[in-house]
Amino acid sequence: MKKPQYHPKKNDAPKNRVSNFSDRPHGRKQEYAKVNGGVFVYSKPISVSELSKAINVPVPAIIKTLFMQGKAVTINQILDDETIGTLCLEFNYDFKKEEIVDATHFENLEIKDDPSLLEERPPVVTVMGHVDHGKTTLIDAIRSSHIAEGEAGGISQAIGAYQKEVHGKKITFIDTPGHAAFAEMRARGANVTDIVILIVAADDGVMPQTIEAIGHAKAAGAPIIVAINKIDIPGANPRKVKEELMAHDVILEEYGGDVMSCEISAKKKIGIDNLLDMVLLKAEMLELKANPNRYAMGTVLEANLDKGEGPKATLLVQNGTLQSTDYVVVGEIYGKIRRMSNEFRQVLKSAGPSTPVSVIGLSGVPSAGDRFMAFPTEKEAKDIAERRALEKKQQTQAASAAMSLSDLNNLINAGKVVDINCVVKADTDGSAQALKQSLEKLSNDKVKIKVLLAQAGAISDSDVLLASASNALIFGFNVRPDARVRQKAAEEHVEIHLHRIIYELLDEMKDAMKGMVKAELVENVTGQAEVRHLYKLSKVGTIAGSYVQSGYIKNGSKVRIMRSGVIVYEGEIGSLKRFKDDAKEVKEGYECGLTVANFNDLKEGDIIEGYEMVEKE
């Protein structure tokens, strides 16, 4: 269902700001069911009694009509949408269900302004790339020139976002700590980035974190501008970089694609102006606009508790104008802005769309990714914040952020078209790419499968964050997550499906697509132990002196040997001892000596993972 939209009239745009809820003032009693021009309009489940009052039809007539259709109802029974529609048609009414968003759920409000009220806003840009490829150097190159222009003496950054003026137009840069923060903000519904600059070193080429960055940018729907860095050093090969990017569906303009690229040296400040010109050109193509004449809405970029000033937050204004005297609700907290400043610590009276500001005056420390909205009075802000806090408290468990195969099954059975994202990790790059192609070929008219990331290596925290933020499944082929990653996946409600045979992985997806997911035997990991010392005895074989890192290791249980996250052997525990005594099991935090049946090629640092097969409930 589409989000509700507010359409202000042209003459509704006074010099002062309009409320984002000016068509439904705070405190006015909301009508949830009414007749408007022969159309019954409702916004929440209603009872037989409520429908009777709204359409002016006696309750007995409604009950009788439903009884003749084989449905027995009472006066207070809640009606479903299909029944409401049937009754409306029976009594000569059209019907329409609409979603009404009140100020309590302001993050769900979609505002559609009159085009004449919109003004051009600066683009919001994030720089991403592999470690040591020059991200920080590029940011510093842009920032230092900006500080020199803006403030004598070069005052250091006060907030993690800043603006650069190029040819009289501003560009807003967000200095994100890394892909994890980027993913977590998107997982919270905060898509703040308009453009992603993907920086790739001309000597290294495309690296694992480069591929991660591509996945994050695509999942966020943000256009990419490729900055090929370090063109001034020996061994630089920009053409190789461009060809490698093609393998990851980043097709540059010179190869017939739509992705802009620029060759730069961040260290020597070569090509920086050209890169900024490209950002402005892309922003012009995107036609980024906002209405400054309304109360501000936006997102928290970062927040902390300052010893001297209390809760401090960096806010990105995305629509409207934030005034230094406004009351704001951020997440479940509120406050009156006591001071608002920019990156130079200069105090501001107002901040328009795409402007990052640091504010103090909130009642608590918000979280990065929290949405905020400004309100004209303290009473309104406090009331809304308290209701939001109460709703959060009443939620016993956060809804799952990621797709599950059961969800897929239910949606397909309901006849809905499903877009499903996947993250694929495998022991070799060849296997990863083969799985990517095979999974995407399974797409049909009901299910569209998109592989956001397919690469070699163990399943990591960043994979879980990408899956959570992108509503994706993780498939592992011949690789395993460690205990920490499993815990992260459980916290983020991300499903990890592990396989050693390609056709079994594909069959699992096919069965889900056919609506055939069944309860079956599933793997339960009992624990992991790290090999720390090796002892070789001629009659016994290799004994692994090990430390149980999580769970427990049980004598005779099934185990797999993992080396750098890749499975090298699967078998069973041959013997298990604590000191000189045989042991049935050894728990987390204890040392043990063990052998693996028919396997002596153990190495220090190997992870021995015990597991059992149990029936899924």
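**Strand pairing, cores and buried residues in a predicted model**

E29 and strand E33 (residues 585–587) pair in the antiparallel sense, with 3 bridges between them.

A word on the ground rules. This is a predicted model, so local features need pLDDT of at least 70 and side-chain atom pairs count only at pLDDT 80 or more, while totals for chains, interfaces and linings use all residues. Residues are numbered from 1 along each chain as its sequence is written, and side-chain values use heavy atoms, with hydrogens and water left out.

Zooming out, the chain has 14 helices and 35 strands. Of its 617 residues, 47% are buried, where buried means under 20% relative accessible area, exposed means over 50%, and partly exposed falls in between (1.4 Å probe, protein chains only). The accessible surface of the chain is about 30600 Å², and carbon and sulfur atoms account for 48% of that; areas come from the Shrake-Rupley method with a 1.4 Å probe, and for residues only the protein chains shown count as cover. Taking contacts (heavy atoms within 4.5 Å) between residues at least 6 apart in sequence, 72% link residues at least 24 apart.

Next, the inside. A nonpolar core is a set of buried Ala, Val, Leu, Ile, Met, Phe, Trp, Tyr and Cys residues joined through side-chain atoms within 4.5 Å. The largest one holds 32 residues, and Leu198, Val226, Leu245, Val250 and Ile474 touch the most other members. H6 gives the largest share, 4 residues. Leaving out residues up to four places away in sequence, leucine 198 touches Met128, Gly129, Thr210, Ala213, Ile214, Ile224, Ile225, Val226, Ala227 and Leu245. A separate core of 26 residues has Val166, Phe173, Ile199 and Cys262 among its members.

In H7, the buried residues are Pro238, Val241, Lys242 and Leu245. Viewed down the axis of H7, these fall within an arc of 100 degrees and so line one face of the helix; the arc is taken over the directions from the helix axis to the C-beta atoms. Their cover includes E12, H6, E13 and strand E14 (260–263). Helix H1 (residues 48–55) buries Val48, Ser49, Leu51, Ser52 and Ile55. Down the axis of H1 the arc is 165 degrees, so these residues too line one face of the helix.

Then there are the cysteines. Cysteine 262 is buried at 2% relative accessibility, and cysteine 422 is buried at 0%. Still, a search of the whole structure turns up 0 disulfides, with a disulfide taken as a pair of cysteine sulfur atoms within 2.5 Å.

Most residues other than glycine have a negative phi. Asparagine 56, not a glycine, has a positive phi of about 55 degrees; it lies in the loop between H1 and helix H2 (59–68) and is exposed at 69% relative accessibility. Phenylalanine 579 is likewise not a glycine, with a positive phi of about 60 degrees. Phenylalanine 579 belongs to the loop between strand E31 (566–578) and strand E32 (581–582), and is exposed, with a relative accessible area of 72%.

Asparagine 291, by contrast, is buried at 2%, although it is found in a loop, between strand E15 (289–290) and strand E16 (297–306). Beyond four places in sequence, asparagine 291 touches Asp113, Leu117, Leu118, Asn319 and Gly320. Finally, tyrosine 611 in strand E35 (residues 607–615) is buried at 11% relative accessibility. Its C-alpha atom is 6.9 Å from that of serine 557, 54 residues away along the chain.

Terms used: Helix = DSSP H or I, 4+ residues; strand = E, 2+ residues; numbered from the N terminus. Pairing = 2+ DSSP bridges.
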